[in-house]
Amino acid sequence: MNLTAIRSIYIFEMARFFRTISQSFLAPVLSTSLYFVVFGAAIGSRIDEVEGVSYGAFIVPGLIMLTVITQAISNASFGIYFPKFIGTFFELLAAPISFIEIVIGYVGAAATKSLIIGVIILLTSFFFVDITIAHPFAMVVFLVLTTISFSLMGFILGIWAGNFEQLQIVPLLVVTPLVFLGGSFYSISMLPPIWQTISMFNPVVYLISGFRWAFFDTADVPIVTSLIAILLFTGGCLTVIWWIFRTGWRIRK
Amino acid sequence: MSNIVSIRDLKKSYQDGFEALKGVTLDIKAGEILALLGPNGAGKTTLISTICGITTPSAGSISVGGHDIVTDYRAARSMIGLVPQEINLEPFEKVINTVRFSRGLFGARRDDAVIEKVLRQLSLWDKKDAQIRELSGGMKRRVLIAKALAHDPRVLFLDEPTAGVDVELRKSMWEVVAGLKADGVTIILTTHYIEEAEAIADRVGVIASGELMLVEEKATLMQRMGQKQLEVQLTAPISDIPAGLRSDALSLSADGSALIYSYDTNSERTGITALLSKVSQEGLVLRDVVTRQSSLEDIFVTLVQEDVS
């Protein structure tokens, strides 16, 4: 294992994050604040409580998930696509490192970035609503697993993408709808029965439900189911990455 | 001298069926400068990319410092530095960071003294904190070399290092290469320019359509390539070369309007003076005199024809 190489990739990627600090840091904080203003204050003031939690507080876990998932995907996919786009990717191929080390470096950096943003949003939300976290340890586990699994997915996306349009299309057409319909802003139990059934096919429901359980001790689905869902998703991404590694798909000619 | 790179019957076919390398066998000696000459699309870059691990070989084997590039890729690649043909750099990155990154990527511990030495060697030290987009084209090319040298490679590949580079910069690039050779680095460079090979190489290999046509000591090859032609254009066409002028080196153009004389620029006596005085003795009137050096393209054609026969 070439640990020096992993560290170099990680530091290099993190440096990009801190170099574009306003873009990577202020943008999510601003958009989250806007969500709080619109959903929490303007609309939330007309909704009493959801499952015994004030609406403003209820949306916090969903908001964090929403941002963390989109950030993890965009950071990881951009991180590996950019060297392909500008042509510096050759250096990774010529270096004495294996594909696994490349994955650890890039996915590790992308997961760290989205984790930092997740924490920032949590801190921001303290300014708007009163929150107590029922299961802090479970919250951290869920957050970390989510950042890693979606960074893995972003990495796959970045390897697959042949242009910037393809890089955007999956997050835009698949991930964003899934996250919005995954109960970021509402409880699945508020839906008509048919939509509740349909929602069960949305993997993000399990994530948000589990994450919300960590905050408020209430959930749409059992916590174990949530945990299994995220582990399955992580396993699926790892399988695809293993396959890319075996075949050199879109990497080596 | 021992061999540091050994290539055996290397073949590379792409998915579309294009055969970029058709069985290349080549030994590169430790400490030498080997120039690979060849026209565009000859397979020079494919050869280099395959040795460096960017392209996977279809058949054959390569070892670097005794390490097979597939089974023992970590040891093999640690010895190699690659300067690509295209200037591929992160525009917003600082020079020193990108060079440090390359060193780390190759598994070498962070060592600022080495980075400083490399940057000074390439006259980039005062630009170390500049963003890459602020640099001139020549400087960017030197940043690429600095990145390739950051982990102290024993073998350096330079893929057309002086393509599109002005004369002055080309000379300074040659000096850098000479300095590296003095440090014991083995250098393989590809080029279009015969003068470049002539100026810095110890040996020259010629690649055309995926095959290594020859590898020779520079001095030997330069003699072969040193053929020049003198065309003596006449005011009135003649039907035959006058008896007094006849020699193996002289021929008549198809329309009879010019005498074509082949000579060797490397020899002490080219015979031009004697030829011209004989021409006037024969009473032929000159219209113009033109000299031509056989181009690289001509040499390839000759080589390919020799190969076929």
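Buried means under 20% relative accessible area, exposed over 50%, and partly exposed in between (1.4 Å probe, protein chains only). This is a predicted model: local features need pLDDT of at least 70, side-chain atom pairs count only at pLDDT 80 or more, and totals for chains, interfaces and linings use all residues. Residues are numbered from 1 along each chain as its sequence is written, chains are lettered from A in the order in which they are written, and side-chain values use heavy atoms, without hydrogens and water.

**Exercise 1. Classify the two ends of the salt bridge between B:Lys29 and B:Glu217.**

Step 1. Check the pair. A salt bridge needs a side-chain nitrogen of Lys or Arg within 4 Å of a carboxyl oxygen of Asp or Glu. Here the closest N and O atoms are 3.7 Å apart.

Step 2. B:Lys29 sits in strand 2 (residues 19–29) of chain B and B:Glu217 in strand 10 (residues 211–217), 188 residues apart. Strands are DSSP runs of E of at least two residues, helices runs of H or I of at least four, numbered from the N terminus.

Step 3. Read the accessibility. B:Glu217 has a relative accessible area of 40%, so it is partly exposed. B:Lys29, at 25%, is partly exposed.

**Exercise 2. Describe the salt bridge between B:Lys147 and A:Glu91.**

Step 1. Take the distance. The closest N and O atoms are 3.2 Å apart.

Step 2. Locate the residues. B:Lys147 lies in helix 5 (residues 137–149) of chain B and A:Glu91 in helix 4 (residues 89–94) of chain A, so the pair joins two chains.

Step 3. Classify them. Both B:Lys147 and A:Glu91 are buried.

**Exercise 3. Describe the contact of chain B with chain A.**

Step 1. Count residues. Chain B gives 30 and chain A gives 25. Contact means heavy atoms within 4.5 Å.

Step 2. Take the area. The two chains bury about 2600 Å², 58% of it on carbon and sulfur atoms. Buried area is the accessible area (1.4 Å probe) that two parts lose on being put together, summed over both. B:Glu90, B:Phe101 and B:Leu105 supply 26% of the area that chain B buries against chain A, more than any other three residues.

Step 3. Count charged pairs. Four salt bridges run between chain B and chain A. One of the salt bridges in the model joins A:Glu101 and B:Arg74 (3.0 Å, N to O).
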